[in-house]
Amino acid sequence: MSINYYTDHRSGSCRRVSTVIEELGIQVNEIFVDLLAGENRSEKMLKLNPHGMLPVLVDELDNGEKLVLSEAAAINIYLCEKYNDNKLLPSDSERYQVLKWMSWGAEHFRQAAPIYFEENVMAALMGAQPNQARLREGEKLLEIHGAVLDQHLEGRNYIVGDHLTLADIDLAAALSQMPRSNIPFDRFKNIMRWANGLDKNVKSWRKTGIELNDGMNKALGISHSSKVVL
Ligand SMILES: N[C@@H](CCC(=O)N[C@@H](CS)C(=O)NCC(=O)O)C(=O)O
């Protein structure tokens, strides 16, 4: 039985799944799909995920069926349950706090970062000007939701409890493209302390961050390789 994992290590969404694979110490067949070359929209990939997005996971189940899963949060919950993890996804009441912050991340906190990335990085790659109205929208979202997370993180090193959970991975992924997308998270001191703490103390997170940064720097023609993620 094997798991196929379709990924591009330069993507913040894929980083969330790659980190969980590292944390669980499991073997998967990693299949590189070049997002910058548009391979995510090939006929084969669109059959696996009609949204044309990565990450995608395909697991051959014991009964011979194939489970095809997209959405990093769903993939991570699936992997934690399949491999009986109860740290990244606790089995006690903390579980619902983790799920709450993951939902909040998807609906609110992670909305701003892709706007900055698309307007400050992708637009330039396409030879276009950043759309200022969209950036103003991103700024508004960041201000509202960043303040909520910053307040929650006062005096805490992790989102829930005293160890890494899927909630940290989901929320910190929003900072993955920070070195190049000019997203002003640095106004939030607790968010920066927490994110820097994860980079320093969580080996899997640091590793996937370095892979992402090095890959993006190479794609953008920036020659130095960065050891520090933020
Ligand atoms: N909600 C999805 C978002 C995935 C996503 O945004 N993937 C990006 C890379 S970070 C992608 O595949 N973009 C390709 C495209 O939009 O064409 C998840 O959490 O997995």
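This is a predicted model: local features need pLDDT of at least 70, side-chain atom pairs count only at pLDDT 80 or more; totals for chains, interfaces and linings use all residues.
Student: Which residues touch the most other members of the largest nonpolar core?

Tutor: A nonpolar core is a set of buried nonpolar residues joined through their side-chain atoms. In this model the largest such core has 62 residues, and those touching the most other members are Leu 79, Leu 149, Ile 159, Leu 166, Phe 185, Ile 191 and Trp 194. This core draws at least three residues from each of domain 1 (3–82) and domain 2 (94–219). Leu 149, for its part, touches Trp 101, Trp 104, Phe 109, Ile 159, Leu 171, Ile 191 and Trp 194, once residues up to four places away in sequence are set aside.

Student: Is Arg 10 buried or exposed?

Tutor: Buried means under 20% relative accessible area. Arg 10 counts as buried because its relative accessibility is 12%, and it is found in the loop between strand E1 (3–7) and helix H1 (12–24). Leaving aside neighbours within four places in sequence, Arg 10 is in contact with residues including Phe 32, Asp 34, Leu 36, Gln 177 and Met 216.

Student: What does Ser 204 touch?

Tutor: Ser 204, in helix H10 (residues 203–219), is buried at a relative accessible area of 5%, and beyond residues up to four places away in sequence it touches Thr 19, Glu 22 and Glu 23.

Notes: Residues are numbered from 1 along each chain as its sequence is written. Side-chain values use heavy atoms; hydrogens and water are left out. A nonpolar core is a set of buried Ala, Val, Leu, Ile, Met, Phe, Trp, Tyr and Cys residues joined through side-chain atoms within 4.5 Å. Buried means under 20% relative accessible area, exposed over 50%, partly exposed in between (1.4 Å probe, protein chains only). Domain bounds come from an automatic or database domain assignment. Contact means heavy atoms within 4.5 Å. Helices (H or I, at least four residues) and strands (E, at least two) are DSSP runs, numbered from the N terminus.
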